[in-house]
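Here is a short report on a predicted model.

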Amino acid sequence: MNVAVVKTGGGRAVSDLFASAEGRLPGSPGVAAVRREAFETYERLGLPHRRIEEWKYTDLRALVGEVLPLAVSPDAAAMKRAAEAVKTHAIAGARKLVLVDGVFAADLSDVKALASEVSLMTLRETLDKDAGLLKTESTDAVIALNAAMATDGVVLSIADGAHLSAPIQVIHVATASSASSFSRSQLVVGKGVRATIVESFIAAGAKAYQVNDAVIVTVGDGADLAHIRLMDDAPDAVNVTSHFVTVGANVKLNFFNMTTGAAVSRLQGFIRLAGEGSELSANGVNLLQKTEHGDTTLVVDHAVPNCVSRETFRAVIDDRAHSVFQGRIIVRPDAQKTDGKMMTRALLLSDEAEADNKPELEIFADDVSCGHGATAGALDESLLFYLKARGLPEKQAQALLIQAFVGEAIEQIADDQLREHVIGIAERWLERRS
Amino acid sequence: MALLEVKDLKVRVEEREILHGLTLTVNEGEVHAIMGPNGSGKSTLSHVIAGKPGYEVTDGQILFRGEDLLEMSPDERAAKGVFLAFQYPVEIPGVTTMNFLRTALNAQRKARGESELMVPDFLKKVREVSKSLNIPQDMLKRGVNVGFSGGEKKRNEVLQMALFEPSLCILDEMDSGLDIDALRIAADGVNALRSPKRAMVVITHYQRLLNYIVPDVVHVMSKGRVVKSGGKDLALELEASGYAQFEDAA
């Protein structure tokens, strides 16, 4: 156990973390019982460590140590900082939904501008009724901790047949230093919907904070959903996020994750293809420097026949940073004609940079086409020399090659504006580097 | 002042000396051919002039308009007007030729303290030059040299030469891997760039290329030195008699 613990006389540990926060956690008495149970699960397991196979490369006990106390409500000055940060990171034309330190901030959000087919509630509101959204089947300690501590989140539902012209951007802003925020959101995408959801994680003056986010997504039959996550938390922050995605039939789901911030981060996505004829494109880029640790873990579960999944992942790792990609493709016995491919490549910019690629295929059907590939290497010296011989200074030559390298993942984003936005984030990361 | 002066240049690769005291002077407006058998050090010379890593200069000098080229990084040399047309141009997936050309040209201009070229002017120039070199526009939208034929890659080198307007062009085995038609197109492109302000050093194993790019001066290299220099007829003489005589002499 690495959380702050008070040992009582009887030997039963009661954590300060939960005890001090419990009074501030929203929900009915029934919800409180669910939270307490979830916290007990977390307490029993403790923070994940390297002897737990799924967390082998991301030992949170060693990397994080303890979970910080729950953030207090932001004051006026913090809200002002948050508003500024939101302005900087907002995508033009997007409908913003803002969470400040894990709590929905209506004043900073475009609630009224949401399309009529979109209904919005907060997690807080749903917890007045029941604890349904706090329940997940997972046995992961960080997810149990999230259920115990989740203060708020957005609960979005997009009606069948809706074609949203503007993206919805959920922006998580951190204003509180040395504190934790816990958010849990739900996205229900109706049948035949066309929509783009962007999630951004940013800091507004906060330092050394921790984020634990969970998102539960269901995608209805025939929907076409782009889901883009941009994690640019403060360089000394921790971000652990879990996605649970259930995909219906004949869906096109295009997921993209970008990691450019946080000292320690992990995105773990559990994507279940539960309806036939769906196509999943799940891609990501980790841009890491200094001593950053970034982990992208994707579990794609082909539960039914005739689905296609493609994963393209790129990591650029400088200094003593450490990137982890774990990609598991599960093909259930019934999931014949599954076509699943995954390719991960890491670019090491320093001798001390580290990449761990762990592809796994678990195939229980006999008529499938699955494959994976993984590479790790340095920038090609012959390409660098060619560019320098044409007048590009070293750093600029490197930047051009790095952009090309990550471009292979970024180009999977279909929307021109969003793709340019993501390229811009990569360019700014490269400028920070030089 | 000579444009390029190589003085008594000695170069090692790892522990082996490749150039044993090479001297060469090239003036503005001149086209020099450097011929020689495989392993005579021709490509090493071109790489050292361009600043490729992995070569150790143990003695001698390379002056470019009187400035010490060896003190400059490869990009500084490029900005000063040194251009190496590669024997094997590399493929750069994910970087479009157009983006590459603009980035490189503007980097050179910036290093010289010049303003960036405006996009319309740049595009106009690229279109003109690529048309004259028979380079289709859609090739410019693809990754640099990705999927290009040998001839297309060499034409892409000539395209860059035309855009960057260097004062010294070193053509390293431009004829390698080209059929006669591809060679003619590339050579025509090079000839169009001959000017009283620009010098060229054409490195080749075969005399054939020199039928298309006719040199003012021909040098024969053998075993890391220039062993004979003469007019363009020297190339024909070599074609008839071969390199053996020089290998013995060196």
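## Strand pairing in chain A

Two strands pair if DSSP finds at least two bridges between them. Strand S5 (residues 118-122) of chain A and S6(A) are joined by 5 bridges. They run antiparallel. Within this pairing, Val118(A) has Ile158(A) of S6(A) as its bridge partner.

S6(A) also pairs with strand S8 (residues 180-189) of chain A. Here the sense is parallel, with 4 bridges. Leu156(A) stands opposite Leu187(A) of S8(A).

## The nonpolar core

The largest nonpolar core holds 209 residues. Val173(A), Ala174(A) and Ile170(B) have the most contacts inside it. Helix H8 (residues 394-410) of chain A contributes the largest share of this core, 9 residues.

What does Ala174(A) touch, leaving aside residues up to four places away in sequence? Its contacts include Asp101(A), Ser181(A), Tyr209(A), Val211(A) and Asp233(A). Several alanines are also among them, including Ala203(A), Ala204(A) and Ala237(A).

## Where chain B meets chain A

Contact between the chains involves 21 residues of chain B and 16 residues of chain A. On the chain B side, helix H2 (74-80), strand S7 (92-96) and helix H3 (97-111) each supply at least two residues. H3(B) gives the most, with 5 residues.

By class, the side of chain B that touches chain A has 14 nonpolar residues, 5 polar and 2 charged.

Terms used. Residues numbered from 1 in each chain as written. Chains lettered and ligands numbered in written order. Predicted model: local features only at pLDDT ≥ 70, side-chain atom pairs only at ≥ 80, totals over all residues. Core = buried A, V, L, I, M, F, W, Y, C linked by C-beta atoms within 7 Å. Buried ≥ 20, exposed ≤ 12 C-beta atoms within 10 Å, placed from the backbone. Contact = placed C-beta atoms within 7 Å. Nonpolar A, V, L, I, M, F, W, Y, C, P; charged D, E, K, R; others polar.
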